[in-house]
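Please look over the notes below with the model open.

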Amino acid sequence: MPEVSNADLQALITRIEVLEAEAEIRRLQARYMFLCDTPLPEYGVKNDAERIDAIMALYSEDAVWEGVGDYYDNQFGRLEGAAAIRRHFENFWGQKRDPELLLNVHYLTSEQIHVDGDTAEGQWVHCQPWIFSDGSSLLRSSRLNNAFRREPDGRWRITRTRTENVFVAPLTRGWAEDFARTSVLMKPA
């Protein structure tokens, strides 16, 4: 068996740390999208205030959330700090909307994660169908360019959510006639 040098051992440790960081960032981004789905699939979250608390636990205190490009500049703008991001989510879920949002599911693809020590960036393409109570529907796609940081407690958190619209397209009425009104997927058996 060949002898392993300290340099080889350190290189292996570094590779494992990068793989673990990528896995944690992947889970973090997926959890964020999961918590934004409607109906909310997270069992035990009683209301949107608890949903927002769960989302905010994923963000650093100094995080930035912004929509960029022609479409999102005017829709979202730039929010700096956890308090501003929280207000954004409270505004989204806190207001009664007509028509009411019945279904909203987030799909992520084209993942790229780049880890550099205790910081990382990730890019995804996101696609999301929306169904409203008046029968209208749309399909939205955007690109994400997000940043992450390993905090002193060892947990990775989102430090930047940056989204740019790719397209928004209306869907034909009735394209999804049968869909969940509530989610029981995560309910303990």
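1. First, a term. A polar contact is a pair of N or O atoms within 3.5 Å; within protein, one must be able to donate a hydrogen and the other to accept it, and residues adjacent in sequence count only if both atoms are side-chain atoms. On that basis, the side chain of H106 makes a polar contact with the side chain of D37 at 2.7 Å. The side chain of H106 makes another with the side chain of Q128, at 3.0 Å.

2. The basis of these values. This is a predicted model: local features need pLDDT of at least 70, side-chain atom pairs count only at pLDDT 80 or more, and totals for chains, interfaces and linings use all residues. Residues are numbered from 1 along each chain as its sequence is written, and side-chain values use heavy atoms, with hydrogens and water left out.

3. The setting of H106. H106 sits in the loop between β3 and β4; helices (H or I, at least four residues) and strands (E, at least two) are DSSP runs, numbered from the N terminus. H106 counts as buried because its relative accessibility is 15%; buried means under 20% relative accessible area, exposed over 50%, partly exposed in between (1.4 Å probe, protein chains only). Leaving aside residues up to four places away in sequence, H106 touches M33, C36, D37, H126, C127 and Q128, where contact means heavy atoms within 4.5 Å.

4. Strand β5. This strand covers residues 119-132; 10 of its 14 residues are buried, so β5 is largely enclosed by the rest of the structure.

5. Partners of β5. Two strands pair if DSSP finds at least two bridges between them. Strand β3 (residues 101-104) pairs with β5 in the antiparallel sense over 3 bridges, and L103 stands opposite I131. Strand β4 (residues 107-116) is also antiparallel to β5, over 8 bridges; L108 has H126 as its bridge partner.

6. Two turns to check. The β4–β5 hairpin has 2 residues between the strands, and G117 takes a positive phi near 65 degrees. The β5–β6 hairpin has 4 residues between the strands, and G135 in the turn has a positive phi of about 95 degrees.

7. Which cysteines form disulfides? The count comes to 0 disulfides, a disulfide being a pair of cysteine sulfur atoms within 2.5 Å. For C36, the nearest cysteine sulfur is that of C127, 15 Å away. C36 counts as buried at 6% relative accessibility, whereas C127 counts as partly exposed at 26%.
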